[in-house]
Amino acid sequence: MYQIITKTDKEGCARLEAFVSSHPKGHFLQSTYWPAAKPQWDWRGVLSLDESGAVRGVISILIRKMPGGFAMLYAPRGPVCDIRDMTVMRDLTDGAAAVAKAVKGYLMAVDPDVLNSDEQFKTDMESLGFQREGDSLNFEGIQPRFVFRLNVEGKTEEEVMAAFEQKTRYNVRLAAKKGVTTRFWGGDEAIPDDAITAFADIMQTTGKRDGFLVRSKEYFANMLKALGPHGRLYMAYLGDLPVSGAIASQYGDKTWYMYGASSNEHRNVMPNYLLQWEMIRWSIETHCRIYDFRGVSGDLSPDNPLYGLYRFKKGFSGDFCEFCGQFTMVYKPLAARGMDFALKCHKKLRRLKAKARSKK
């Protein structure tokens, strides 16, 4: 059986949080903290319960109101459960359908934390009524399909550092030798305005340089506040000058590198390498199992403009992982087709704007 909970259900939220934070597939995007980072979205949680009422599976669903009174449902990196237990998977699927019916949802998208090599999972999802989106190589999906993950479980800093590529170790040490220093603030702290402003400014610089749209300062500030003790802002300085910044999230047994940026000046002192090392150190200090570098391109051609990002993250010797991608459950086919067309036009317009900004 399943139970649907809302933000005001404190007991239900506590049960969801306890399950997700302790599960091997737990993810901060499935936590009760993340919805506060998306104030323009509503939220519901679905719990699968066994005969005794104990939680055995969870799917955390963001709900976005769309034109015409419809709603799009999105469960980032959900569900969290034993994906081989089809009783639980059906519970969560049925609960999500009930949520969709209540909010006039036309579609739900999920992008599970499951590797692409798991053919049984893909078959099971299709049997539940999900449609798998086509394979993609870059960042076409909502969440990255390709990531690097570094196993830090039970390892010392020396052991982790020793596994890096020689050039990566050199660059981490070079940054310190060149006088780069780092600071961090937790999301539950009073982050200085000059720090969050500097980070947002450097993100704008990076977005213009690399041709992508960037979130506002207010978005980053709200996101860190929503994550609370699970989020950190890291900044790198050369003297008093901010030259690089990053945001990381830690939840359960994993740490994720979420955002990163560097100024156009002083990139030769390698501040990004030192920031990565500081975030990896956080995961080691707190006995995490995984440090997740998040997205890279699946197109490994040196001609790919995103190849430099791949090479940077590869230098830290993580495992190159390909997730199974995005699945959709369509509840209202006509509305889904219309909204899909509108969203594609919107994304294309955003990409064009980003390219135009990068040329200025």
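Ser 249 sits in strand β11, where strands are DSSP runs of E of at least two residues and helices are runs of H or I of at least four, both numbered from the N terminus. Ser 249 is buried, with a relative accessible area of 0%; buried means under 20%, exposed over 50% and partly exposed in between, using a 1.4 Å probe and protein chains only. A word on the model before we go on: this is a predicted model, in which local features need pLDDT of at least 70 and side-chain atom pairs count only at pLDDT 80 or more, while totals for chains, interfaces and linings use all residues. Residues are numbered from 1 along each chain as its sequence is written, and side-chain values use heavy atoms, with hydrogens and water left out.

**Two serines**

- The side chain of Ser 249 reaches the backbone oxygen of His 230 at 3.2 Å. A polar contact here is a pair of N or O atoms within 3.5 Å; within protein, one must be able to donate a hydrogen and the other to accept it, and residues adjacent in sequence count only if both atoms are side-chain atoms.
- Setting aside neighbours within four places in sequence, Ser 249 is in contact with residues including Phe 28, Leu 227, Trp 256, Met 258 and Trp 282, where contact means heavy atoms within 4.5 Å.
- Ser 22, by contrast, is exposed, with a relative accessible area of 57%, and it lies in helix α1 (residues 10–22).
- A polar atom of the Ser 22 side chain lies 2.8 Å from the backbone oxygen of Ala 18 and 3.2 Å from that of Phe 19.

**The sheet around β11**

- Seven strands form an open sheet in the order β9-β10-β11-β12-β13-β8-β14, with mixed pairing; two strands pair if DSSP finds at least two bridges between them.
- The edge strands are β9 (180–186) and β14 (319–322), each of which pairs on one side only.
- β11 (residues 241–251) runs antiparallel to β12 (residues 254–262), and eight bridges join them; Tyr 251 stands opposite Lys 254 in β12.
- On β10, β11 pairs in the antiparallel sense over eight bridges, and Met 235 has Gly 245 in β11 as its bridge partner.
- The hairpin of β10 and β11 has two residues between the strands, and Gly 239 there takes a positive phi near 70 degrees.
- Seven of the eight residues of β10 (residues 231–238) are buried.
- β9 and β10 run antiparallel and are joined by seven bridges, with Tyr 234 in β10 as the bridge partner of Phe 184.

**Nonpolar cores**

- In soluble globular proteins, nonpolar side chains tend to be buried together.
- The largest nonpolar core has 48 residues, of which Trp 34, Phe 220, Met 223 and Leu 233 touch the most other members. Such a core is a set of buried Ala, Val, Leu, Ile, Met, Phe, Trp, Tyr and Cys residues joined through side-chain atoms within 4.5 Å.
- Apart from this core lies another of 32 residues, among them Val 172, Ala 236, Ile 284 and Cys 288.

**Helix α3**

- Phe 121, Lys 122, Asp 124 and Met 125 are the buried residues of α3 (residues 119–127).
- Seen down the helix axis, these buried residues fall within an arc of 165 degrees, so they line one face of α3; the arc is that of the directions from the axis to the C-beta atoms.
- They pack against α2 (86–103), β6 (105–110), β7 (131–132) and β15 (327–330).
- Just after α3, Gly 129 takes a positive phi of about 105 degrees.
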